[in-house]
Amino acid sequence: MTLTYPTAGTQRRRSQSWLAKIDWSLVVAALALSIIGALLVWSATKGTQIEKGLDPDGFFKKHLLNIVIGVGLCILISRFDYRLLRAYTPFLWGASILGLLFVLVKGSTINGAKAWISLPAGFTLQPSEFAKIAIILGMAMLLSEKRDAENEPRDIDVAYALGVAGVPIALIMLQPDLGTVMVIACMVFGIVAVSGAKARWLTGILVGGVVVAYVAIQTGLLKDYQLARLTAFTNPDANGRTSGFNTQQARIAIGSGGLFGTGLFHGPQTQGHFVPENQTDFVYSVAGEELGFVGAAGIVLLLGFILWRAVRIALRASDLFGRLVATGVAVWIAFQAFENIGMNLGITPVTGVPLPFVSYGGTSMFASWLAIGLLLNVHMRAQE
Amino acid sequence: MSERSNLRLAVLGVLLLSLVLTLVGRLFFLQVVSAEVYTAKASANQFRYVVTPATRGLILDQLGRPLVANRTSLVVSVDRTSLADQKDKGAAVLHRLAKALGVSDTSIKFRLETCGKDAHEKPPICWNGSPYQPVPVAKDITQDLALTIMEKRSDYPGVSAGLEAVREYESPFGVNAAHLLGYLGPVNDTELQVQKDALAAGQKIPPESLLRSRDLIGRAGLESQYDDTLRGVPGVKKLSVDLSMAVTGTAGETQPTPGNYLVTNIDARLQAVAEKQLYEAILRGRSRTERGTSTHYKADSGAVVVMDVTNGHVLAMASWPSYDPSVWVGGISKTEYSALTATAANTPLLSRATQGQFVPASTFKIVSASAALQNGYTQAGPYPCPGSLTIAGRKFNNFEGEAPGPVSLTKGLAVSCDTMWYQIAADFWVKDGGLKPTAPKDAIENMAKSYGYGKKTGIDLPSESSGRVGGRAFKKARYDALHDAWCRRAVNGYPEYTDKARAARDKAIASDNCKYGDIYQVGDEVNLAIGQGDTAVTPLQVATAYSALANGGTIWQPQVARGIVSSSGKLVTAIKPLKTGKLPVSAANLAFLRNAFSQVTSETYGTGYNAFKGFPLAQIPVAAKTGTGQASNNQQSTSWFSTFAPANKPKYAVVMMVSQGGTGAGTSAPSVRKIYEAIYGITGSTVDPTKSVLLGGSPVTKLPTIKADGTPIYPGMPTAATRVTGAVGATGAPGATGKAGAQVTSDAATPNPSPSSTGFIALPVLLAGGLVGRRRRHRRRPSDAVIRLWSP
């Protein structure tokens, strides 16, 4: 019956459809990761909480709350037509720059980086997480400007886009949060590449990156402890409380987990607090020890599934803006997860980026779900 | 959207897929391929081991009387991890503790240091145990202090007081037996390293032999010889810990296996008699003067051996000077050790019975006589026994120049004629070819070796000396070893000597030795025949040789231990007598010699007659040989009295030696007589086996019974009624200070063998019962104890 009224049908499809048009598999995967994360955080923190006389389930509950807020943000951003979002992008970008400036002036220092804004009731906010979204949207906007018969972005667009990314990168460098800088750098490269910009831009970015890194090391812009952390993974058996300690203990935890793990709440390495930061940066070690190869590989595969959906969404996006947003999100999640898990497994430097969806931390959780929201948004608009 | 964009997105997709695969691959490597490596590392991380020492096995005499047991000592221990958690790293607590113990802060600090490069002290003062084990810092503290520490927990966090098992020398009947029992000392790093290397080389070490740091191991005597079996296997508690090293749980526990009990052939009462008589002989020697002078004998040391001739069982054995073995308990102090090893103390650690080497003198004539009889010399003789004899231009005197005229072999032995042996020895030497020997028979030398001289008897005690037979082989060996040195001295002389005359004399001797040192001269053979010159023997070798003569020619390996029994009373090993040789002497000749030696005590002309006057020789004939050794380098003569009895059906051999003690007959013989009197229950001239120090008049044949709880059963053991139980109860109520809790004492011979009562027990449990089982007679050692030499 509806078929006979194309207009009405279209109307109806549009109104009834946002639930139907959602990529449910993507949502389920992200939700599954978040729930696994909640359990791992619970296991990692319960003992310490009891020792401190605090609520044993405190972190677990907060993590669940973060998921709820994250999913809420996801729904919000996915309902918002991204074509309208473009209009707000400059403001979003501006706000994130202000946030990054604020954090440099009044931020709290955690693990050597001035990256957090303390909020009342013990909450903290990490502006660099939101800056990632602002950069994605800003670059996508600039690179997908309507052009005269040209398919590829003009050099001036690329230059602007790099400028849009460059300012927050510089501010994050000053915190300094190298891990996030590396994630954003990969993201920028991915977006520029997929935008169809000329190959020399890609070469330029690569060369520029190498030069900046070299200068940073040579001029002492990087502090010794940062260098030590970065290179610790090349010396996996560094002993004691050196830079290698965390990764070594994490690797012992993961390696001793074996095929099926020790079971949640039963990992001696985890429960004995041998792996510091194991609710945030090293949460993956908990999965490795307590859930074993089956659980730990499961997390990687769930992330892989999300990436597959993201790339698929990028491929099918209705316009370049959508494609670039999806691409940005895919590269972001991919490299951040690779950096984090790689550092747990001892194959990438210790950089202190959280594992999307899994690590404890509100901002990271919100940003991850906002990213899912962006993907859903692009996905839904592509079906119209 | 451009083709380029599509293409690049596809490439990106592949790139992201490769990232995922990289992670899964690495994960597979860590968790599946190398899981074992990491599991081992995790276990090293997470577990710490606390060792509960095993109760060391008791050493019992042949009736089951404990010679060495364990007692409990109140020990203060400090938990270093607990100190580390305190704000000032425990400085205040240690200061308080040091003050309470009356020692300096640093001495406690040094005790708490882990042994190694940075430690201020060496083991056993620094700590070489596990870092998770509380470190004992003081032993044998007073009950009051222990109570203070346990009650004022807030003043002494990390400090605890408890009972720990240490060695207790039971001394039944006042027995010392230090050289038999030995002592314990902490295992050292070298030994641990050797073991580590052996394990690394794939060698298997049974758990009871495995050394662990902090182990106390036998360092001398039976404690050392039977260390493996006495030590037991410690219990290990596997604790799981977290990163801060706080204990989070117990992951496993093995109970300690107590060490086995060692049953010896020693009879405690007989041992006590032997020790007392040895000491009497020393005193007797010192009261006597050298003939013709007013110089008293020094009688610097001595030994006595009582052996069962039928099986080699050592029933008693003593050496003088001795020491109190309990100085080693809880670690010997520097002062004590230097006192024990000082020259003035005359090496009390050395057992004269098994390690001392002395000139055998006339006791050696059992060898010469055996050799003579087996080589055609008749029993009747007669043999000339002039006051002196000149052989090869050298004049050999009879002992103290006596000249009884021609004698039979029997009488020659009884009067201890030396000159008759000079002639016999010279004859042997000539028959062997004299200065140009061709295939010499060396009858005396070989007979000496058959009697077991010149080699270790194989007794189950460490560091036995082998002695030497000063015959042709020894002379050759010494020549080979020293020839070059002699010849150098023959040329260079002794320029370092200040005494020019002595230097000239020694140079001449060196020159002589350089040229002729390898020639076995007649004088060497003469000296050998009368047990003088280069021959040296241990008292134990003499006892073994006399036992062989007594028992019809069998050399038994002397045995101190008789069997090993588990702490629950089960037989582990029964140690069987072991034959190590057979004398090449006919039964008739042995019987003749036994009879001949019995005349030493029974005939008026016998050298032992006076000492055994009034002894019921008709019932218990005693075969004996006196010996008065002329030691070189200006030492006074060595007194020997070597015996066995009954001469017609021998059972016991008793040998006594007093170094620089004068004649055998005068110094040693009266003491040996006393020992026989004790063995046979002789009062005056009445023999009453019921009065024997040996239960039932003879050594027992069975092993003693040990109850399942580890208590040995032996005659005369204290019953419950004879124990003083002390006042327990009223004042021992919980909450009371506990100071009123009376010390429970028990009678002197009570062993304390129950494993459960000798382990480390929580002090409060004992205090609650008002019972801290320390003996009243227990000697508390002052911290700066001076040497404690032993005398009965």
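In the predicted model, the contact between chain A and chain B draws on 41 residues from chain A and 33 residues from chain B. On the side of chain B that touches chain A, the elements contributing two or more residues are α1 (3–33), α2 (35–46) and β8 (235–241) of chain B. Of these, α1(B) gives the most, with 17 residues. By class, the residues on this side of chain B comprise 18 nonpolar, 10 polar and five charged.

The secondary structure of chain B amounts to 24 helices and 28 strands. Chain B has 792 residues, of which 46% count as buried. Among the contacts in chain B with a separation of 6 or more, 73% are accounted for by residues 24 or more positions apart.

The strand β8(B), which contributes to the contact with chain A, also belongs to a sheet. This open sheet consists of three strands in the order β1-β8-β9 (chain B), with antiparallel pairing. Because β1 (47–52) and β9 (247–254) of chain B each have a single partner strand, they stand at the edges, and one side of each is left without a neighbour in the sheet. On average, and with direction ignored, neighbouring strands of this sheet are turned by 25° against each other. The antiparallel pairing of β8(B) with β9(B) extends over six bridges, and B:K237 has B:E253 in β9(B) as its bridge partner.

Strand β2 (residues 59–60) of chain B pairs with β3(B) in the antiparallel sense over two bridges, and B:I59 finds its bridge partner in B:V68 of β3(B). The hairpin of β2(B) and β3(B) has five residues between the strands, and within this hairpin B:G64 takes a positive phi near 100°. Strand β5 (residues 159–169) of chain B runs antiparallel to β3(B) and is joined to it by 11 bridges; here the bridge partner of B:L74 is B:L163 in β5(B). Strand β4 (residues 135–138) of chain B is likewise antiparallel to β3(B), to which it is joined by three bridges. In this pairing, B:V76 stands opposite B:A138 in β4(B).

The packing of two helices was also examined. Two packed helices are described by the angle between their axes and the distance between the axes. Helix α4 (residues 91–101) of chain B packs against helix α5 (residues 105–112) of chain B at an angle of about 115°, and their axes are 8 Å apart. The two helices α4(B) and α5(B) are therefore roughly perpendicular to each other. Their crossing is right-handed. In this contact, B:L94, B:H95, B:L97 and B:A98 of α4(B) meet B:D105, B:I108 and B:K109 of α5(B). By class, the residues in the contact of α4(B) with α5(B) are four nonpolar, one polar and two charged.

Another open sheet of chain B contains five strands in the order β12-β11-β22-β21-β20, with antiparallel pairing. Its edge strands are β12 (314–320) and β20 (623–629) of chain B, each of which pairs on one side only. Neighbouring strands of this sheet are turned by 5° against each other on average, direction ignored. Within the sheet, strand β21 (residues 638–645) of chain B and strand β22 (residues 652–659) of chain B run antiparallel and are joined by seven bridges. Across this pairing, B:T643 stands opposite B:V654 in β22(B). Helix α20 (residues 539–551) of chain B packs on the sheet and touches β11 (301–308), β21 and β22 of chain B; the direction of this helix makes about 150° with that of β22(B).

B:N595 lies in helix α21 (residues 587–602) of chain B. This residue counts as partly exposed because B:N595 has 16 C-beta neighbours inside 10 Å, a value between the limits of 12 or fewer for exposed residues and 20 or more for buried ones. B:N595 and B:N648 are 53 residues apart in sequence, while their C-alpha atoms are 7.5 Å apart in space.

Technical notes:
Residues are numbered from 1 along each chain as its sequence is written. Chains are lettered from A and ligands numbered from 1 in the order in which they are written. This is a predicted model: local features need pLDDT of at least 70, side-chain atom pairs count only at pLDDT 80 or more; totals for chains, interfaces and linings use all residues. Helices (H or I, at least four residues) and strands (E, at least two) are DSSP runs, numbered from the N terminus. Two residues are in contact if their C-beta atoms, placed from the backbone, lie within 7 Å. Axes are lines fitted to C-alpha atoms, for helices over the stretch in contact, and angles run from 0 to 180 degrees between N-to-C directions. Angles under 35 degrees count as roughly parallel, over 145 as roughly antiparallel, 65 to 115 as roughly perpendicular and the rest as oblique. A crossing is left-handed if the near helix is turned anticlockwise from the far one by less than a right angle, and right-handed if clockwise. Ala, Val, Leu, Ile, Met, Phe, Trp, Tyr, Cys and Pro count as nonpolar, Asp, Glu, Lys and Arg as charged, and the others, Gly among them, as polar. Two strands pair if DSSP finds at least two bridges between them.
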